[in-house]
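Q: Could you take a close look at one part of this model for me and then work outwards from there? I'd like the contacts spelled out, with distances where you have them.

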Number of protein chains: 2
Amino acid sequence: MVDCANCPLRKLDSFETLNREETAFMRRFKHGELKVDPGTPLLMEGSNSPQLYTALRGMGLRYKLLPNGKRQVVNFVLPGDFIGLQAGLMGEMQHSVEATTPMVLCVFDRAELWTLFKTEPERAFDLTWLAAMEEHFLGEALTTVGQMSAVQRLSWGLLRFFSKCHDLGLADGSRCPFPYRQQDLADALGLSLVHTNKTLMKLRQRQIVSLQDGCLTVRDPETLAKQALLEVESPRRRPLI
Amino acid sequence: MVDCANCPLRKLDSFETLNREETAFMRRFKHGELKVDPGTPLLMEGSNSPQLYTALRGMGLRYKLLPNGKRQVVNFVLPGDFIGLQAGLMGEMQHSVEATTPMVLCVFDRAELWTLFKTEPERAFDLTWLAAMEEHFLGEALTTVGQMSAVQRLSWGLLRFFSKCHDLGLADGSRCPFPYRQQDLADALGLSLVHTNKTLMKLRQRQIVSLQDGCLTVRDPETLAKQALLEVESPRRRPLI
DNA sequence: CCCCTCCTGTGTCACAGATTAATGCGCGCC
DNA sequence: GGCGCGCATTAATCTGTGACACAGGAGGGG
């Protein structure tokens, strides 16, 4: 499922065990299970919070709240995602998770983490690998939000989400569930709601994606991928002379 | 040095050993040493590259190059920083490190990583902790670039860099080295060079920071910190009637 | 049925920031 | 000295995006 071909050390087939189904490993270390309903934010008060989570079922989003009321969606949470390690060390911003469909989370006791490292190096390695993947994703997100236009950001965001769904086997052909509001997309990509809406309309009118009834359909993956990396037509005006 | 008070598991005094000085641990696992001169980019071709690095001395920056020639500075590299785990898994964007002062890097063999997890869980734990800290930083950076104004971004960036220096003992009072060009700052914060320059001038004229001769001086830390989180004066226009 | 609320769609306008260009300044080099 | 080069600075202009306002549709509840 998850592409591990690049991992130089070993085939990480154990990755799959982190996805969607509760494994023997989870059963051993888990502290409890959590069912979360859409709309209820799950606050994570930094590393003082004694809990770590793995999403088992459902989708949600991980975000930070700013003192001025704005919100940055840091990542979309899908089954298999590990949450909580990255919670605030400094405690300046509120770090939260909110479900957008009914979710089931596997809860770990943070204090067990150290045990894990001593007794199950393979699992510890997986964990680190996941953290590195997340770090890579965030670097890409930062690059996109920092350097790209609205069309490119949307293209990147939708494509990324779709591939993640696809890797998890949640996509049906070019279709995947997308239980988010436009406001969520806007907050994830550093755009305003209105502009996100208008840009989405552009993508729809160009028959590149379709987004309705909680489903995302990628109609033109090539163009989408091209736009996600580089403006299709060079927007550079030619000099006047 | 690095604040570990929040780590619930144990006092991470071993962190210090990752900073600046080469330790017995490094000597055991290290594959070589690398001296890098300013201006020579060190390409990291994803996890296919067999190497991982720890910065021992000097400063630099880690960035991604886009096909359209733009650049996103992902983080500033200081002594003690671990580099390479987060290199591209997908290989879309070029991920590189460039020194801005002469640097010394400790080179690890990527294949040794797995050995480390089996034989030195403490070190493996440190590594994961570092990855989590980096992840937290990137989340904050994303939030800043996605939601904040130019003044706030600059304030956040400078403050962050200064605290990092301070934690590493590289700062002298309110002064720390800053071997970067304004273009580097601009690329880190998703701003244009010109606008970065103008905003910097504003901060200087308000006696909040001073930036010259490769040194950053924080003159008014309170205001800086306030601005880094929330616009000081609310920029909301009052209605016309 | 109406009323209310949440969300999407669309037009208008203002502004923060991008772009371009020109200047100055220090520095190394021939 | 004169030249080129890299970088900081400043000004002038343009534009992508945000802010605001409002209409319409979809539910939900009494």
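A: The side chain of A:Ser210 makes a polar contact with the side chain of A:Gln212, at 3.5 Å. Keep in mind that this is a predicted model. A:Ser210 sits in strand β10 of chain A, which covers residues 209–212. With a relative accessibility of 8%, A:Ser210 counts as buried, because the cut-off for that is under 20%. Apart from its neighbours within four places in sequence, A:Ser210 is in contact with A:Arg204, A:Cys215, A:Leu216, A:Thr217 and A:Arg219.

An N or O atom in the side chain of A:Arg204 is 2.8 Å from a phosphate oxygen of DNA strand C. A:Lys198 goes for a base instead: an N or O atom of its side chain is 3.1 Å from a base oxygen of DNA strand C. Two elements each give two or more residues to the surface near DNA strand C, namely α7 of chain A and α7 of chain B. The largest share, five residues, is from α7(A). In terms of class, that surface has five nonpolar, six polar and six charged residues. Altogether 17 residues surround DNA strand C, and the closest are A:Arg181, A:Gln182, A:Arg204, B:Ala150 and B:Ser192. Of the atoms of DNA strand C that come within 4 Å of the protein, 74% are sugar and phosphate.

Now for the other strand. Around DNA strand D there are 16 residues, with A:Ser192, A:His195, B:Arg181, B:Gln182 and B:Arg204 coming nearest. The side chain of B:Gln182 places an N or O atom 2.6 Å from a phosphate oxygen of DNA strand D. A:Gly190 uses its backbone, with an N or O atom 3.5 Å from a phosphate oxygen of DNA strand D. Here the elements giving two or more residues to the surface are α7 (193–205) of chain A and α7 (193–205) of chain B. The largest share near DNA strand D, five residues, comes from α7(B). Sugar or phosphate makes up 80% of the atoms of DNA strand D within 4 Å of the protein, and the rest belong to bases. The residues of this surface split into five nonpolar, six polar and five charged.

A:Leu216 belongs to the largest nonpolar core, a set of 74 residues. The members touching the most other members are A:Leu158, A:Phe161, A:Leu216, B:Leu158, B:Phe161 and B:Leu216. To see what that looks like around one of them, take B:Leu158: leaving out residues up to four places away in sequence, it touches B:Phe178, B:Leu185, B:Leu200, B:Leu203, B:Val209 and B:Leu216. There is also a second, separate core of 38 residues, which includes A:Leu52, A:Cys106, A:Leu113 and B:Ala132.

Along with A:Leu116, A:Phe117 and A:Thr119 in α3(A), A:Leu113 meets A:Pro121, A:Arg123, A:Ala124, A:Leu127 and A:Thr128 in α4(A). By class, this contact has six nonpolar, two polar and one charged residues. The two helices pack at an angle of about 120°, with their axes 6 Å apart.

Key. Residues are numbered from 1 along each chain as its sequence is written. Chains are lettered from A and ligands numbered from 1 in the order in which they are written. This is a predicted model: local features need pLDDT of at least 70, side-chain atom pairs count only at pLDDT 80 or more; totals for chains, interfaces and linings use all residues. Side-chain values use heavy atoms; hydrogens and water are left out. A residue is near a molecule or strand if one of its heavy atoms lies within 4 Å of it. A polar contact is a pair of N or O atoms within 3.5 Å; within protein, one must be able to donate a hydrogen and the other to accept it, and residues adjacent in sequence count only if both atoms are side-chain atoms. Helices (H or I, at least four residues) and strands (E, at least two) are DSSP runs, numbered from the N terminus. Ala, Val, Leu, Ile, Met, Phe, Trp, Tyr, Cys and Pro count as nonpolar, Asp, Glu, Lys and Arg as charged, and the others, Gly among them, as polar. A nonpolar core is a set of buried Ala, Val, Leu, Ile, Met, Phe, Trp, Tyr and Cys residues joined through side-chain atoms within 4.5 Å. Buried means under 20% relative accessible area, exposed over 50%, partly exposed in between (1.4 Å probe, protein chains only). Contact means heavy atoms within 4.5 Å. Axes are lines fitted to C-alpha atoms, for helices over the stretch in contact, and angles run from 0 to 180 degrees between N-to-C directions.
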